[in-house]
Amino acid sequence: MPRRVLILGGTAEARALAATLTQDPGLHVISSLAGRVTNPRLPEGEVRLGGFGGPDGLSAYLTTQNIQAVIDATHPFAEKMTASATEATTRTRTPYLILRRPAWHPTPQDHWHPAPSLTTAAETLRTSPHQRVFLTTGRRSLPAFTPLTTRWFLARSVDPPDLPVPPNVHILLARGPYTVPGERHLLQTHDIDVLITKNSGGPLTTAKLTAARELNLPVIMIERPALPDDVPRTETVEEAARWLLSR
Ligand code: NAP
């Protein structure tokens, strides 16, 4: 019987891991997506969609589906899913690994202002002289910023926001990866004077940081939430695959 493995997904690393693990006939790979994005990029292997219903629902899923290992390859800001997976795998004694891509770090040429949360990022903006903002923190973060009605926002997201946006917000629907010339052009044509983003890490969305550096623009960088203590973790797909195969 192949071992049943659950990948908590929604990232490029999760898809790469699924592509690697589905090559192994000794594994049955199930990838889970939150199901919020229209037309998500689907991983190889079996895919399930939608929340589990918190730690209770996930514990029940792990037991009834006879899951023998969980690899959490969710986005670094998917804090609730990781908390829920930590609790459910502890309860059910299911082996659990967190796969998180490395964070970005500033170069000496960057002008980053770290912010521990969306709220502090909005406060940093409010007390700054900057007026025209490129916002890449996701459609669900808009309510933290839109009360700043004296600022103009270019807000990029994969899907449209659920609620109507005020006139000081222009929505740009797009999905990465992005290029440095493309990002530079965007910043220049919209006369952007500050970038607000999350420290997602990874190569697919780093071009905006290079373009901001080239144009000498400040970046309000929202820092990652802390990971739970005492959970094994890795930064690469290869190490995650090795962890699983060595068990
Ligand atoms: P979140 O706040 O941690 O999750 C909220 C709830 O959504 C979770 O409690 C869970 O519901 C459900 N959920 C999240 N990820 C899931 C998954 N992979 N499979 C099944 N259910 C999931 O997460 P989020 O920030 O909304 O992110 C949702 C998804 O988008 C994640 O898969 C993440 O990898 C991806 N993503 C997030 C970001 C970001 O900036 N946050 C960026 C790119 C991609 P239940 O409690 O009912 O189980």
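Which residues does the domain assignment give to domain 1 and which to domain 2? I looked that up first. Domain 1 is 3-102 + 226-245, and domain 2 is 112-222; such bounds come from an automatic or database assignment.

A note on what I'm reading: this is a predicted model, where local features need pLDDT of at least 70, side-chain atom pairs count only at pLDDT 80 or more, and totals for chains, interfaces and linings use all residues. Residues are numbered from 1 along each chain as its sequence is written, and side-chain values use heavy atoms, with hydrogens and water left out.

Next, the interface. I found the C-alpha centres of the two domains 29 Å apart. Twelve residues of domain 1 are in contact with 14 of domain 2 (heavy atoms within 4.5 Å). About 970 Å² is buried between the domains, 47% of it from carbon and sulfur atoms (accessible area, 1.4 Å probe, lost by two parts on being put together, summed over both). Arg36, Arg41 and Phe77 supply 50% of what domain 1 buries against domain 2, more than any other three residues.

Last, I searched the whole structure for cavities (on a 1 Å grid over the protein atoms alone, sets of points where a 1.4 Å probe fits but cannot get out). One of 30 Å³ or more turned up. The largest cavity has a volume of about 40 Å³, meaning the space filled by probe spheres set on its points. Among its lining residues (an atom within 4 Å of a point) I noted Leu135, Arg139, Arg156 and Ile171.

Notes: 1 Å grid on protein atoms, 1.4 Å probe; cavity = no way out; pocket = protein on both sides within 12 Å on 5 of 7 lines; lining within 4 Å.
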